[in-house]
Amino acid sequence: MPNRAERRAAAKRSKQNKGVPQQANEAQGGNRSGLVDEYALQERSRRLEEHEQEGEWKPSSSVQKVRHEDEDITLNNPKVSHTPHSVRQVLRIITWTLILLCAISFLVIMWIPSVPMWLIITIASVFAVAVISLFFVAGNSKDNPNLDANGCAI
């Protein structure tokens, strides 16, 4: 077990190397590119918690998405609901309606003191079938305008 002097020396060394990760310390101050400055991160976290302003936020991305006129027309169109134009869309609407009705019926039967077991099993099975059918009636992810090329939400 280190004595008091050794502990103080270790604490002093750690204060001198504040903000420099351990892996950079081991490299004796070599190439530190790519390493995270932990002290700066802690300071930023503290400032955020104390609601200190660092200045106005500016986006850091250098790539801006170009918006076409036809996209702008579809985004600003007040007519949100369209009539389903395929069997798959009709089935998707029916599936979501079944899920919604099952959720409401679960909330209703939860407060009824004596509910027959067959009713609970029926509602649970309809809910399960509706959720599983979503996998079959869901469209192709390439047709979803809210996903990028990697499948992440935009």
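**A helical chain, its nonpolar patch and a pocket**

From the N terminus on, the elements of the protein chain run α-α-α-α-α-α, which comes to 6 helices and 0 strands. Helices (H or I, at least four residues) and strands (E, at least two) are DSSP runs, numbered from the N terminus. This is a predicted model, in which local features need pLDDT of at least 70 and side-chain atom pairs count only at pLDDT 80 or more, while totals for chains, interfaces and linings use all residues. Residues are numbered from 1 along each chain as its sequence is written, and side-chain values use heavy atoms, with hydrogens and water left out.

Of the 154 residues in the protein chain, 8% are buried; buried means under 20% relative accessible area, exposed over 50%, and partly exposed in between (1.4 Å probe, protein chains only).

On the surface, Val 87, Val 90, Leu 91, Ile 94, Leu 98 and Val 126 form a nonpolar patch with about 460 Å² of accessible area together. Such patches are made of residues with over 30% relative accessible area and no salt bridge, nonpolar side chains (Val, Leu, Ile, Met, Phe, Trp, Tyr) being joined within 5 Å and like charges within 9 Å. A salt bridge is a side-chain nitrogen of Lys or Arg within 4 Å of a carboxyl oxygen of Asp or Glu. Accessible areas come from the Shrake-Rupley method with a 1.4 Å probe, and for residues only the protein chains shown count as cover.

Helix α5 (residues 87-110) gives the largest share of this patch, 5 residues. Val 87 lies in helix α5 and counts as exposed because its relative accessibility is 63%. Between Val 87 and Val 137, 50 residues apart in sequence, the C-alpha to C-alpha distance is 9.1 Å. Ile 94 also has its place in helix α5; its relative accessibility is 45%, so Ile 94 counts as partly exposed. Ile 94 and Ala 130 are separated by 36 residues in sequence and by 8.8 Å in space, C-alpha to C-alpha. Leu 98, found in helix α5, is partly exposed because its relative accessibility is 35%.

The second largest pocket is lined by His 85, Gln 89, Arg 92, Ala 138, Gly 139, Asn 140 and Asp 143. A pocket is an open set of points on a 1 Å grid over the protein atoms alone, where a 1.4 Å probe fits, with protein on both sides within 12 Å along at least five of seven lines; lining residues have an atom within 4 Å of a point. About 160 Å³ of space lies in the second largest pocket, a volume being the space filled by probe spheres set on the points. Its lining divides into 1 nonpolar, 4 polar and 2 charged residues.

Note on methods
Ala, Val, Leu, Ile, Met, Phe, Trp, Tyr, Cys and Pro count as nonpolar, Asp, Glu, Lys and Arg as charged, and the others, Gly among them, as polar.
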